[in-house]
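Please read them alongside the coordinates.

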Amino acid sequence: MKLALIGYGAMGKLIANLLKEQGDEVAVIIDEKDADVTAEELAEKLKGVDAAIDFSLAEAVLRNVEACMIANVPLVEGTTGWNSEKETVKKLVEKYDGAFVFGANFSVGVNLFYRIVSNAAELFSRFSEYETFIEERHHSRKKDAPSGTALKLKDVVTQHITKDFSVAATRVGNMPGTHIVGFAGTADTIELTHTARSREGFASGSIIAAKWIIGKKGFWEFTEVMDEIIKSK
């Protein structure tokens, strides 16, 4: 598999290392020196790769998507903070009949956590004495608050629980990414927690998504990719 990496910070370098360990090729690297190039110019650099993985900046997502669609390169979008542009991105993918997969979090563990939370929320929705809350903690360098993962967890819970509840975000020091979904009653509190020990889970999941999207068309969320993988196990 020949991949392009868009963004070559800590995540990009980690993905590159994992790809090399797996025997795959990093054929193209797009970094800060390409910040001012147009989508058309970027597309020229991307032609010929099997897929691209983007962990760059939210403000660059539209350009990166258009470049990949022009180049007919499937794109895995790992950058967060661009939810307000989702419909525009979807229209770009449809315009070029391209392939695109995005996710609030590409960790396999987090995506299994979504399913655990969904099952729990369905159970607790039957007992009105329990109130729901979501708390998330990240290092102080993380810009979006609440995180995309916290907002996805909120969406998962509200499929079963319609009563409003709080989503709290903390940004401090080098705090590892932690998400807590709780159900508090008069006699007890139940908490479900996911804590990320490293970024490797996100990197591995994005590679899984890249291998999955090759040869496909359409606008996909990583939860749908996980659905297919789980069914095949």
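1. A cavity is a set of points, on a 1 Å grid over the protein atoms alone, where a 1.4 Å probe fits but cannot get out; lining residues have an atom within 4 Å of a point. Points are joined across faces, edges and corners, and a volume is the space filled by probe spheres set on them. The model is predicted: local features need pLDDT of at least 70 and side-chain atom pairs count only at pLDDT 80 or more, while totals for chains, interfaces and linings use all residues. Residues are numbered from 1 along each chain as its sequence is written, and side-chain values use heavy atoms, with hydrogens and water left out.

2. One cavity of 30 Å³ or more is counted. The largest cavity has a volume of about 40 Å³. Its lining consists of Gly103, Ala104, Asn105, Asn111, Tyr114, Lys152, Glu221, Phe222 and Thr223. Helix H5 (108–124) and helix H8 (222–232) each give at least two residues to this lining; helices (H or I, at least four residues) are DSSP runs numbered from the N terminus. By class, the lining has three nonpolar, four polar and two charged residues. Here Ala, Val, Leu, Ile, Met, Phe, Trp, Tyr, Cys and Pro count as nonpolar, Asp, Glu, Lys and Arg as charged, and the others, Gly among them, as polar.

3. A pocket is an open set of points with protein on both sides within 12 Å along at least five of seven lines. The largest pocket has a volume of about 1,300 Å³. It is lined by 48 residues, of which Met11, Phe55, Ser56, Lys142 and Arg199 are the closest to its centre. Helix H1 (10–21), helix H3 (61–70) and helix H6 (148–158) are the elements that give two or more residues to the lining. H1 has the largest share, with three residues. The lining divides into 17 nonpolar, 20 polar and 11 charged residues.

4. The second largest pocket has a volume of about 280 Å³. Among its 17 lining residues, Asn83, Lys86, Ala104, Gly148 and Leu151 are the closest to its centre. H6 supplies the largest share of this lining, four residues. Five of the lining residues are nonpolar, seven polar and five charged.

5. What does the side chain of Glu228 contact? Glu228 lies in helix H8, and its side chain makes a polar contact with the side chain of Trp212 at 3.4 Å. Such a contact is a pair of N or O atoms within 3.5 Å; within protein, one must be able to donate a hydrogen and the other to accept it, and residues adjacent in sequence count only if both atoms are side-chain atoms. The C-alpha atoms of Glu228 and Trp212, 16 residues apart along the chain, are separated by 9.7 Å.
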